[in-house]
Amino acid sequence: MTTNEGKLTKKDFTSDREVRWCPGCGDYAILATVQSLLPEMGARPESTVFVSGIGCSSRFPYYMDTYGIHSIHGRAPALATGLAISRPDLDVWVVTGDGDGLSIGGNHLMHALRRNVNLKILLFNNEIYGLTKGQYSPTSPLGSTHKSTPLGSLDRPINPVSLALGVEATYVARSIDTDRQHLSEVLRRAYQHRGSAFVEIYQNCNIFNDGAFAALKDKDRKDHNQIRLESGEPITFGPDNERAVVAEPDGSMSIVPTEEAGDRVVIHDPAREEPTTAFALSRLALNPVGPTPIGIFRDVDRPVYDDLVREQVEQSRAQQGDGDLQALLASGNVWDVG
Amino acid sequence: MSDTATEEHPRERVQLHNAVIRFAGDSGDGMQLTGDRFTAQSALAGNDLATLPDFPAEIRAPAGTLAGVSSFQLHFSDQDIHTPGDAPDVLVAMNPAALMKHLEALKPGGTVILNTDAFTERNLQKAGYEDDPRYDGSLTDFQVHEVPVTDLTLRALEGHVERGELNKKGAERCKNMLALGLVSWMFSRRIDETETWLQSKFAAKPELADANVTALRAGWNYGETTEAFVFHYEVKAAPLLAGRYRNITGNQAVAYGLIAASVRAELPLFYGSYPITPASDILHELAKQKNFGVQTFQAEDEIAAIGSVIGAAFGGSLAVTASSGPGIALKTEAMGLAVATELPLLVVNVMRGGPSTGLPTKTEQSDLNQVLYGRNGEAPLPVVAAASPSDCFDVTLEAARIALTYRIPVVVLSDGYLANSAEPWLLPAVDDLPRLSEAFEVTTEPNADGAFQPYKRDEQTLARPWALPGTPGLEHRIGGLEKELDSGHISYDPANHHAMTELRHERVRRIADGLPPLEVEDPSGEAEVLVVGWGSTSGPIRAACAQLRERGLQVARVHLRHLSPLPNDLDELLRSYRTVVCPENNMGQLSTILRARTLVDIKGYHRVTGQPFASDELAAAIEDFGWGEQA
Ligand SMILES: Cc1ncc(C[n+]2csc(CCOP(=O)(O)OP(=O)(O)O)c2C)c(N)n1
Ligand code: SF4
Ligand SMILES: [Mg+2]
């Protein structure tokens, strides 16, 4: 319940439900960040809808004092699309997991992104099926040993950012559950973006896949491995910016000592129309076990699907006039009897 | 053809009460269009009519083969009729394959019009004829008219070809119009309306319009001037109820019904769907009607389609999806979510032959069990079924009424036959349509001491509040996990689950309390045999019962529009007859349900040929169960 008067706070977005994730789960940090950020950005609880699928991460809507649907496994983007098309006045968020969004729901995610529906899609990637107690997922590294893969997984993982860029999503970013400042910034920009915004959030599942993102989170390793993308800046990283990302003649990217990079160093430009450069950047790390880019890969303006749907309706109204039911029923050949 | 005057005077106009004509040809011969036009002309002549298009699943099956034959049957009458007719009186066969496939159905003594130009050795071979049927005696029982349709068309259009307005192939393509002209003459049908229609269809290509009109007239004149046709016929106007009419197919009627429901409910219509035969035309029709505020969404699959519809229903739209069996199979999990979240929405199933891909372009009633039971858990929902093409309109409105009143997903059953067949429809006055806006209320205020409980329900309908996003103070979360009574919070409590399960059943059951009494058709009032049917078998059952009564066998008939919940007065009714027969285009799905519910020994008649029942066939079956060996 919210009072809707005066300035809203985190409390106005926090439901009275007890949060039931495992103690220490990365989902808590993401929840706290979102709950604080929404009032700060001027969002209204009554105009906000969180739609999720099934998974630990998909319990998210229950903890938000907004409107919400905890739907079925993988289908959240589909529900959210119907809602966004029919209700332009709402902020529609999707919360999904690596299994929910990339395995069973890969189809819907891909189509929502390519259509550029006005949705903010948060993919909590813990490289594991949490809710079903620890099977490998489509983002688990090759050879991962989990309950269903005691001898190691055999299928190559999906890089969610590459996938989103491949279908030309208009806003694509990556952040980390516990890096509140970075996550807030990425989410803020996602919120401001009109169209589909896709944010992959590395989320630690301390029960079934603890430490999957240690390379980016451990105090002594993170500075060596986080490649923080900043618009307009040369892409360098390391405690002393001693490493740089350069473009290779074949279009791929590689990492070289900064002093060798010279003018080959890539200047980051998320507004570039062509997703190719952003895609090459995403290929620097298939799994985040070494240097991995985080931040906003792409942020471009394109026509928004649900705006276009509504525009067609308005155009038809302008051209044909408002629908007249009696006239519609009597369209075509009619004849009178008696 | 039943005639009243058979005066054998050359070129006499013979009055008929009714006639059944079947146009058959290659898929590329334009038979559907020919049938549609003849239907329109018959409608303008005031006949009652019913049509049965039948086309191959393949878009372009090999020319000249049996697989490529497309047909269109029309039954027209000066009386009230309910079926597209059993056996045709007249068969127009544009090639040997069409003759091979359809001759069997023709009435003894019926008329065959053959396009002799297509009876080449190669075509005969493709159709599977060893000998030319024109000369081997296989047509002796029929009145055969050999007409060189292609040649006549080419000759009529010689000038057009010479002037370079179209090539020979294009000219040949007008042969369906020549056939239409000839048949129009045979049945004294005016062709001026078709001429106007051709002009507007080919407005952008006047030379094509002119060629088609020329062929049409040439066909008419051929009938008028050649001595080959001794009779021509007339079927007078039927004594239909006074008012304005149009022809309508089932799919059109569903689309119009949805728009009407949206207008009368004062809710925007959201339609999410994935293309599938025979349901796609609903999407096509609605996509043309955006000026009614209709939003159509062609989703990436059927799951996304119903997903989008659940989202739109949550947002306050009248939300609808449609598909056929295979697509409904994909929607089942989401339909369960709609049951659990108690949102109003419609799922239309235009049934086709199954299992699996089955018979995409043929009709069947075999998805009744699927829509009643095809979900995990106890997930009851209401199901209504249409009886005729125009009834699709009323049934759609009824489904919307139930969905909005009880806040529940409702299934509408149509089928391939209803979807594509047409019948005259007495246009309703919009003001007389149910005022659906009065069936429900959108909740705008807290309902529990200043708080909001999304599962606190109306005591009478058991509907939960429909509180839309955007409403301050009513923020709530719904989902597929079991809900606590009233609060709607997640609950794993055993007693609560049982109570919620009973409640979901009771909610559906209560819909029956608001249904009108069943209407039993029993003119004698003395029938001991009852025929109970549902869906598109309504017409054939009605015609079969009329046949039996003419033969002095008293039979009663009842049609079920509501299949879930079943009407409250059904049990009593079924128990009060000596024999109850339930014909279905499936293997006995409803009869099994009725037996289980009433313990009445219902006799099922089951056939799944991909075609609607013939009324003769049904009459024989009912007679057998009621008075024959099986009685
Ligand atoms: C149709 C269906 N299939 C399978 C499941 C079981 N299931 C629930 S969540 C899940 C995977 C969740 O993994 P992810 O999306 O990564 O979410 P996480 O729990 O890791 O946050 C599975 C397989 C289900 N609920 N529904
Ligand atoms: S299983 Fe993993 S992802 Fe799920 S709540 Fe526990 S820690 Fe979080
Ligand atoms: Mg996961």
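Trainee: Why is the link between Arg115(A) and Glu300(B) called a salt bridge?

Mentor: In this predicted model, the closest N and O atoms of Arg115(A) and Glu300(B) are 2.9 Å apart. The cut-off is 4 Å between a side-chain nitrogen of Lys or Arg and a carboxyl oxygen of Asp or Glu, so the pair qualifies.

Trainee: How many salt bridges does the rule find across the interface of chain A and chain B?

Mentor: It finds 3. There are also 33 residue pairs in polar contact between the two chains, both residues at pLDDT 80 or more.

Trainee: Which element gives the most to the side of chain A that touches chain B?

Mentor: That's α11(A), with 8 residues. Others that supply at least two residues each include α4 (106-115) and β12 (334-337) of chain A.

Trainee: What makes β12(A) and β9 of chain B a strand pair?

Mentor: They share 4 bridges in the antiparallel sense. Pairing needs at least two bridges, so β12(A) and β9(B) count as paired.

Trainee: How many residues does each chain bring to the contact?

Mentor: Chain A brings 60 and chain B brings 72.

How values were computed. Residues are numbered from 1 along each chain as its sequence is written. Chains are lettered from A and ligands numbered from 1 in the order in which they are written. This is a predicted model: local features need pLDDT of at least 70, side-chain atom pairs count only at pLDDT 80 or more; totals for chains, interfaces and linings use all residues. Side-chain values use heavy atoms; hydrogens and water are left out. Contact means heavy atoms within 4.5 Å. A polar contact is a pair of N or O atoms within 3.5 Å; within protein, one must be able to donate a hydrogen and the other to accept it, and residues adjacent in sequence count only if both atoms are side-chain atoms.
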